[in-house]
Amino acid sequence: MSDALLPSADDAYSSPDAQGFYGPYGGTFVPETVMPALAELSEAYESAMQDAAFRERLSYLLAEYVGRPSPLYKAERLAEAVGLGAVYLTREDLNHTGAHKINNSLGQCMLAQRMGKRRVIAETGAGQHGVATATAAALLGLECAVFMGVEDIRRQSLNVYKMKLLGAEVVPVDEGGGTLADATTAALRHWVERVEDTFYVIGSTVGPHPYPAIVRGFQCVIGEETLVQLEVKNIDHVDAVIACVGGGSNAIGMFYPFLRHLPAGSRPLLIGAEAAGLGVETDKHGAALTKGTPGVMHGFYSYLLQDDAGNPLEAYSISAGLDYPGVGPEHGSLKDSGLVRYEAVTDADALEAFVLLTRTEGIIPAIESSHALALLPRLAAELGPDAVLVLNVSGRGDKDMDIVREAGVE
Amino acid sequence: MSSAPSRLEAAFLKGHPALVAYLMGGYPDRAGSLAALVAVACAGADVIELGVPYADPLADGPVIQHAAEAARACEGSFGLAETLDLAGEAAALPGMPPLVVMTYLNPMMRMGLAKVGQKAAEAGVAGFIVPDMPPDNPMAVQWKREAVARGIDTVFLAAPTSTPERLAVVGEASTGFVYVVSSLGVTGERTQLPAELTDLVARVRASSPLPVAVGFGVSTPAQAATVSAIADGVIVGSALVRRQDDPSALGEFVGQLVSAVHTGGR
């Protein structure tokens, strides 16, 4: 079973072309200084994925350290409350460190170790990727620095403290809006300076090639396990699979195996929930796929919130993890091809869904995952009362207590 | 290789090393940046690089970043279109050296590569430097088609980390000159230039017949003189942008750099 949980090298490189393009999106738009490092990373990833010892070690850590496989839990009271036949929750929130992020951080930190890099850096929004990377770095004995916007440091102070406890340096980024996009720029700049001894652990399916492919490779354990568990539970029909999308790593991890293993005719509807913030008709949202236009940021070409002069705009969302003006290139391609549908969910709807899962199931979800949960009532209306849905609970809500309290939820 | 050198390349073939002066378009405002262009031209700079203010300048240090922010904040958001317009006005002035636009890729994509080429040609722009557009990606190939058709050079960057394979790609794709990034990291003043610079410049020369200019971290006349001993051009940016709101101080400083570079090495 351990091997079934991991992507093979063939999987991971099947959709971007040799230059890292998914249809028109993706690519490598970075200063020349890091071009050799990206080529080296591609080679190291490919060779690691073909190395049985590497895969075995990762499998072992995913099982014994992260706590995989994640349960596929049938949320009966939730399904009844929203009027659906069945809702199965993939419990990424039960992972060590509380979210799907650890799947990728662990994989990339192992790659860093394999490449002989003693130091890793990461960007973080909600702090989940920062905590996961600090955790993996502690486990593997690597030095770690995490770049985080000052606004996110304010709204996710608990995770900041956790990273420091784990021995990581948290570097405050006081540029732009002080959120994920600014932290990513700061991390990229730092990487250009320290590329010789530092590995950049990117947290989502974004950045220059080969990062989107690598992150997908390490995250598709989510969808692979889900497919196995559906089979074990004899669930032969699923109407829709839902995940939230910021950069898009938990969503691609869930969707990619469905796209790869199931023929078009028997494939469930795949739906990504992005952040509508205060509403997509306002300028306070993070809905790159719904409202953006193609552009280059952070080393890749994809849908982007930008002004008429081509400057990236500041995104907004109550969720620090979805507060990003861009989106992973593969999602851009999946949107254009119609293989995945993307909908935007407001702060208010996400908060309502947060409370709903908490009260009906005793599961407190991350505010990011709550965006996916908010689609359930809409899908009940669209697909009817017998529909069977799978939803990825990408993380747990412990980190969001202050935000939810500030929003007036009692 | 037998064709006559372009206007930009010729600026490096005047019998002495060239000073390439970087200024930020629209900083401190449009009129101020035009005054700075004039001051730098009068002081004898051989090439002027004109930066396009951008919100996410991945390759630039704090001085250029903050100038870009200031330029974007005034004049109703100064961007690529406004910079090309400014370049057009400057290029028409007597004694103006070749102008090279330095911009990130996204403003070009947003405007459309064909339109950028057309407007740049109308403005009399001699070349482009796009630090987040490596030469071997499809957008670079598309842009070069537009640029070549209009006689506009495209300068690519070589870095201390560049492998021989990368240097070959950069050397092959560049026209006008090759931009050697002296050190890792972003633009900005540094107290010391790396010891390996001589070797890097030699490796770049081996990969391309074009003039080689060195930038990133060169900030004093003494450093500029040192670099001019090994390269065909010296690029100074942040140290000028820091003085850009005071044309007379800027002109005086550029004058010192010009004499250091023109007489420095040889």
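What volume does the largest cavity have? It comes to about 360 Å³. Before going further, a word on what you're looking at: this is a predicted model, where local features need pLDDT of at least 70, side-chain atom pairs count only at pLDDT 80 or more, and totals for chains, interfaces and linings use all residues. Residues are numbered from 1 along each chain as its sequence is written, chains are lettered from A and ligands numbered from 1 in the order in which they are written, and side-chain values use heavy atoms, with hydrogens and water left out.

Rolling a probe the size of a water molecule over the atoms shows where empty space is left. Here the search runs on a 1 Å grid over the protein atoms alone: a cavity is a set of points where a 1.4 Å probe fits but cannot get out, while a pocket is an open set with protein on both sides within 12 Å along at least five of seven lines. Lining residues have an atom within 4 Å of a point. Grid points are joined across faces, edges and corners, and a volume is the space filled by probe spheres set on the points.

Back to that largest cavity. It is lined by 31 residues, and H100(A), K101(A), L180(A), G321(A) and E368(A) are the closest to its centre. Elements of chain A that give two or more residues to this lining are β5 (119-124), α6, α9 and α12 (249-261); such helices (H or I, at least four residues) and strands (E, at least two) are DSSP runs, numbered from the N terminus. By class, the lining has 9 nonpolar, 17 polar and 5 charged residues. In this count Ala, Val, Leu, Ile, Met, Phe, Trp, Tyr, Cys and Pro are nonpolar, Asp, Glu, Lys and Arg are charged, and the others, Gly among them, are polar. So where does the cavity sit? Domain 1 (23-64 + 101-215) and domain 2 (68-98 + 219-406) of chain A both give residues to its lining, so the largest cavity lies between them. Those domain bounds come from an automatic or database domain assignment.

The whole structure holds 9 cavities of 30 Å³ or more.

Now for the open spaces. The largest pocket contains about 730 Å³, and 35 residues line it. β7 (169-173) and α9 (180-194) of chain A, together with α3 (62-73) of chain B, each supply at least two lining residues, and α9(A) gives the largest share, with 7 residues. The lining divides into 17 nonpolar, 8 polar and 10 charged residues.

The second largest pocket has a volume of about 510 Å³. It is lined by 26 residues, with K284(A), E314(A), A315(A), Y316(A) and S317(A) the closest to its centre. Its largest share, 3 residues, comes from α7(A). Domains 1 and 2 of chain A both give residues to the lining, so this pocket lies between them.

Next, look at how some helices of chain A pack. Helix α3 (residues 52-66) and helix α5 (residues 101-114) pack at an angle of about 140°, with their axes 11 Å apart. Axes are lines fitted to C-alpha atoms, for helices over the stretch in contact, and angles run from 0 to 180 degrees between N-to-C directions. α3(A) and α5(A) are therefore oblique to each other. The cut-offs are these: under 35 degrees is roughly parallel, over 145 roughly antiparallel, 65 to 115 roughly perpendicular, and the rest oblique. The axes of helix α6 (residues 128-140) and helix α8 (residues 157-165) of chain A come within 9 Å and cross at roughly 15°, so this pair is roughly parallel.

Finally, some backbone details. A cis peptide bond, with omega about 0°, joins R68(A) and P69(A), and P69(A) is in the loop between α3 and β3 (72-74) of chain A. In chain B, a cis peptide bond joins Y27(B) and P28(B). T97(A) has a positive phi of about 75°, although it is not a glycine.
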